[in-house]
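Morning, everyone. Let me put the structure up, and we start with the aromatic rings.

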Amino acid sequence: MKRIAILIVMLTLMGSVSFAQKLAYVDSEYVMKHIPEYNSALKQLDDQSKQWQAEVDKQYDEIERMYQAYQKEQGNLNADMRRRREDEIVNKEKAVKEFQRSKFGMEGDLFKQRENLMKPIQARVTKAIQDVASAGQFDFIMDKRSESTFHYANPSLDKSNDVVTKLGLKPNPSLAN
């Protein structure tokens with residue numbers, strides 16, 4: 001009987017400790033929109049992406065012209081000439097696909113450039129979140145934009161504006177989605 005009473009008291013204390021955790025969340029996209037360097041980096045990445053895509057499009061247009069010229073002349077070419085022209089078109093297409101992969105692939109230049117530009121910004125935001133968590137004595141601060149889904153989020157728990165302020169910026173509610 002004594003053991004059961006002790007067990008009940010321990011479970012009650014453990015239950016109350018687990019409910020004492022403080023939780024908050026931030027909207028990282030909202031916070032990032034406040035940082036001028038983030039917006040500048042996005043524009044820089046977008047401009048670079050458009051430039052590379054224009055190069056890819058130009059090369060595919062050239063391949064299309066080569067193919068159309070080949071189609072027109074195909075009847076006048078001997079077998080060796082046809083094979084050479086086909087190989088030329090195929091090799092050009094392979095080169096364009098390789099260029100595209102080197103620029104836009106998972107290990108491509110755009111990915112690396114994005115990582116280099118965003119890493120310092122994300123580090124600043126992470127530091128600001130940690131400072132807000134320490135100051136507010138929060139046990140957990142979750143990201144509203146992460147993989148975990150929020151079906152409801154109490155606005156009083158949103159610490160995004162605190163993080164923006166901690167970064168030395170002025171919160172702008174119009175940037176919220």
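By the rule used here, the count is one aromatic pair. The rule: rings of Phe, Tyr and Trp (its six-membered ring) pair if their centres lie within 6.5 Å; planes under 30 degrees apart are stacked, over 60 edge-to-face, the rest tilted. The pair is tryptophan 52 with phenylalanine 104, edge-to-face, at 6.4 Å centre to centre and 85° between the planes. It links distant parts of the chain: tryptophan 52 is in helix H3 (residues 36–73), phenylalanine 104 in helix H4 (residues 79–104), 52 residues apart.

Now, ground rules. This is a predicted model: local features need pLDDT of at least 70, side-chain atom pairs count only at pLDDT 80 or more, and totals for chains, interfaces and linings use all residues. Residues are numbered from 1 along each chain as its sequence is written, and side-chain values use heavy atoms, with hydrogens and water left out.

Buried or exposed? Buried means under 20% relative accessible area, exposed over 50%, partly exposed in between (1.4 Å probe, protein chains only). Tryptophan 52 is buried, at 9% relative accessibility. Phenylalanine 104 is partly exposed, at 28%. Across the 177 residues of the chain, 25% are buried.

Next, a charge. The charged end of lysine 22 sits over the ring of phenylalanine 138, 4.8 Å from its centre. The cut-offs: NZ of Lys or CZ of Arg within 6 Å of the ring centre and within 35 degrees of the ring normal.

Finally, the fold. The chain has six helices and two strands, in the order α-β-α-α-α-α-β-α. Helices (H or I, at least four residues) and strands (E, at least two) are DSSP runs, numbered from the N terminus.
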